[in-house]
Structures are given as structure tokens and as C-alpha cells.
Amino acid sequence: MPRLYIATEDEIRAGQVTDIYFLRTVEVLEKYGLGDTWVRVEFHVYSLPKGYEWAVFAGLEEALRILEGKPITVYAMPEGTLFKPLEPIMVVEGPAKYLIPYETSVLGVLRHNSSVATRAARIKKLARGKPVLFFGLRSAHPAIAPMLDRAAYIGGCDAVSGAMSAKYLGLEPKGTMPHIFILIFGDPKKAWKAFDEVLPSHIPRIALADTMYDERVEALMAAETLGNKLYGVRFDTPSSRRGNMKLIIQEAKWTLKLHGYEHVKVYVSGGVDEEEVVELREVADGFGVGTSIAFPPSIDISADLIEKKVGDTWIPVSKRGKMPGMKQVYRCRPGLNDFVVPWNSKPPACPEGREPVPLLIKYMENGKIVQKLPGIEEIRRYVLEQLEEVPEPKPVSG
């Protein structure tokens, strides 16, 4: 019988979704009476993808869900915090036998969420206020569709297209129409009219306008077909027929204006990445981005032992190349003016008398959530506020 190869939430929370060497480690530690050794494990990145100066911390809520109910305490930056290399973004504390089996799943959650949210934030910043819609679900396994939509949205995307986002995230999914819709009707005009006749009026009339004819021709056809009802057109032209998309958009807008349809907006999708956003942001009215966000460069978060408890005393310890000891990160805003100091050290002084903000907060104590977790809109606003305080990134491809 065919099946879907996905782990259940219960299997993840039971620590079964892990690497076998972690289970063997616990087995040996238990045999030698060391499984109850109290440890502190720090999550951090020591380097970011080439061209990146910061990343967005995402996935905290899912990580807490995995660890909830275990004798574990969690300190973390608020979800949505922009962070830099060498900064602890999360620290988990508890008996080794309870922490070790969850390293795989917690790292997977934090890495994937943070990678997607970071790419979304970079593209949103580069778009300079133009709307960015995420529809990269076809790039990944359907089991994680809500996670991808969530990470992309909190990273700054203005909307997501996943139909399940309403159920899981409380977001109204948005999107236009696919090429198959046009081709089944066999006539773009008939397809656009049917779309307008059947769907509720609150759904923007954005016509896919590159299926059978030139983009300029179909854009004008759509405007003449739907008139003032037409909100915009979308160009999703494949690379084999694309040409110079900037000139294509300018040509289409010029033609629309000549015929009295200056109100019609032009959106671009299909293989859009950071470089293309920069190239087209002066002429396009918005972007649909899929694979570039769904399959971004990895934010390679790692987890390392930084302290272990001997008697009642925490002893700093780490492997070679890592910084031992519990730490706190203080931020002087605006910007990412951060200071990493030993835990319980005196906070640094900020310029102009501003108060330094401690970023590592206790979110879980002995398996119980002790902080109110923010909603998706609050996290997204927090990300956008920070994006206003950092320079525009240099675009990278891939």
C-alpha cells in the first residue's frame, strides 16, 4: 500500500524523530549513571550564508511545543528577532537524557523556519514597500505547508496562497489563477469573465495575462474584458519566452495607460529571486515569490553544550572552537547594536541614554510555558520594525 512518509506530532514530541546516535548516547549515559547530568545547550550560528549580515529567528513556538511537558527550561530571543553570528538565540537547560533526543527535531524546526523567514525578510526589504505574495508550497512536501506559510508571513510577506493557512494561521489565503484555468477554457477572455462571474467580489480581479499571447496584448485584452473591475494583471512568463521583463512591464503599462487603464497594476511571478526584485521594483507593482523563499540558503543553526552542573555549580564547558558559558545578548536600538556578555553580567551602556534590552527571555520553566506567546501578526510587525532599522541587503541569487 502506498503511504505518506511523514512523522506524526506525537512521534516528534516523544523524541522518536531523531538521529540514532543521540539515542545511543542516552543509552550509554544511562548505563554509566550520567543521564541525569544537568546541562545547558546553546543554539547559535557561527556564520551566515554569503552576503547575509543578519537572520530572522523563527520556529520558537514549534520548538516549545516539542519540549513542552519535559523537565526542561528554555531561554530564547523573541520569535522574529533579527540576530547576527555568534549570538545565542536559544538555550535549553535540563537533564541530559531529556535534552539529547530532541536536538535533531528542534534544530530542524529552528533552521527551516529561520531560513524561510530570513529569505522572506530580505526580499520584503528589497521590494521597498511593494507587496510580496508567497506561493512556494509546490516546492516542498505538503505536510509542512502551514509551517512554510507561517515562516514566510512572519518574515514579511504580505500574503500567502496556501488554502490551509486560514485553518492553521488565521490568514486569508490569496492568489490569482493558474495557466491550466486559462487553457481549459481555451480563451483568456472567457476564463477571465468566468472568474469574475463566479467568485465573490472581495477577491481582487487579477488576470493572468501571458498564457496564449504577448503580455502587452493580453494585459489590454483583460482590461477591455473586465474594465474597471480589473485590479491588475500577473505576468508569469517562463524563462524560455521571457526576454527583458522590465521592458515588457513598461510596454504593457504604457499601452494600458494609452487606453485609459492606468489603474491596472502589474505583478510579476515565476522564478523571482532577490536580484530580480531589485531589477523590477521600479516598474512592477508587486511580486509573487515561491521557490526562492521556500528553498532558501540555509541558516545553519547548531546546538552545543556550554555548561554542565557539578553539584550545585554550573561549570562552563564547550568543545574546541565554541564559546563556553551561559550568555546574555543586549541590544541597543535602533539597529542591531548587540553586546554578548556572560550571564548575569552588568548590562552595557547604550548611546544617548537608551536602555539596553536583554534578548534572552525565559519562555519555559520545567516544561511549562511562562511567557505569553505572540500571535502571527505581532511577530510580523516586530520583524518589519527591525527591517526599518537595518540597511538594505545586497541582493544574492540562488
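Is Val 217 buried, partly exposed or exposed, and what is its relative accessibility? At 35% relative accessibility, Val 217 counts as partly exposed; buried means under 20% relative accessible area, exposed over 50%, and partly exposed in between (1.4 Å probe, protein chains only).

This is a predicted model, in which local features need pLDDT of at least 70 and side-chain atom pairs count only at pLDDT 80 or more, while totals for chains, interfaces and linings use all residues. Residues are numbered from 1 along each chain as its sequence is written, and side-chain values use heavy atoms, with hydrogens and water left out.

**The whole chain**

Begin with the entire protein chain, whose C-alpha atoms fill a box of roughly 80 × 65 × 35 Å along the principal axes. Its secondary structure comes to 15 helices and 18 strands; these are DSSP runs, numbered from the N terminus, with helices (H or I) of at least four residues and strands (E) of at least two. Of the 398 residues, 50% are buried. Among contacts (heavy atoms within 4.5 Å) with a separation of 6 or more, 72% are between residues 24 or more positions apart.

**The nonpolar patch**

Select Leu 183, Met 212, Tyr 213 and Val 217, which make a nonpolar surface patch of about 370 Å². Patches are made of residues with over 30% relative accessible area and no salt bridge; like charges are joined within 9 Å, and nonpolar side chains (Val, Leu, Ile, Met, Phe, Trp, Tyr) within 5 Å. Accessible areas come from the Shrake-Rupley method with a 1.4 Å probe, and for residues only the protein chains shown count as cover. Val 217 lies in helix 10 (residues 215-226).

**The disulfide and its sheet**

Next, select Cys 332 and Cys 350, which form a disulfide with their sulfur atoms 2.0 Å apart. The structure holds 1 disulfide, defined as a pair of cysteine sulfur atoms within 2.5 Å. The pair links distant parts of the chain, 18 residues apart: Cys 332 is in strand 14 (residues 327-332), and Cys 350 is in the loop between strand 15 (337-342) and strand 16 (357-358). The link is left-handed, with -80° about the S-S bond, and both Cys 332 and Cys 350 are buried.

Two strands pair if DSSP finds at least two bridges between them; strand 14 and strand 15 have 6. Within strand 15, Val 340 stands opposite Val 329.

**A hairpin**

Move to strand 12 (residues 302-310) and strand 13 (residues 313-316), which run antiparallel and are joined by 4 bridges. They form a hairpin with 2 residues between them, and Gly 311 in the turn has a positive phi of about 70°. The bridge partner of Glu 307 is Pro 316 in strand 13.

**Salt bridges**

The structure holds 26 salt bridges, each a side-chain nitrogen of Lys or Arg within 4 Å of a carboxyl oxygen of Asp or Glu. Select Glu 93 and Arg 40, whose side chains meet in one of them (2.9 Å, N to O). This pair joins strand 5 (residues 90-95), which holds Glu 93, to strand 1 (residues 38-44), which holds Arg 40. Both Glu 93 and Arg 40 are buried.

Finally, select Asp 285 and Lys 253, which also form a salt bridge (2.9 Å, N to O). Asp 285 is buried, with a relative accessible area of 18%, whereas Lys 253 is partly exposed, at 27%.
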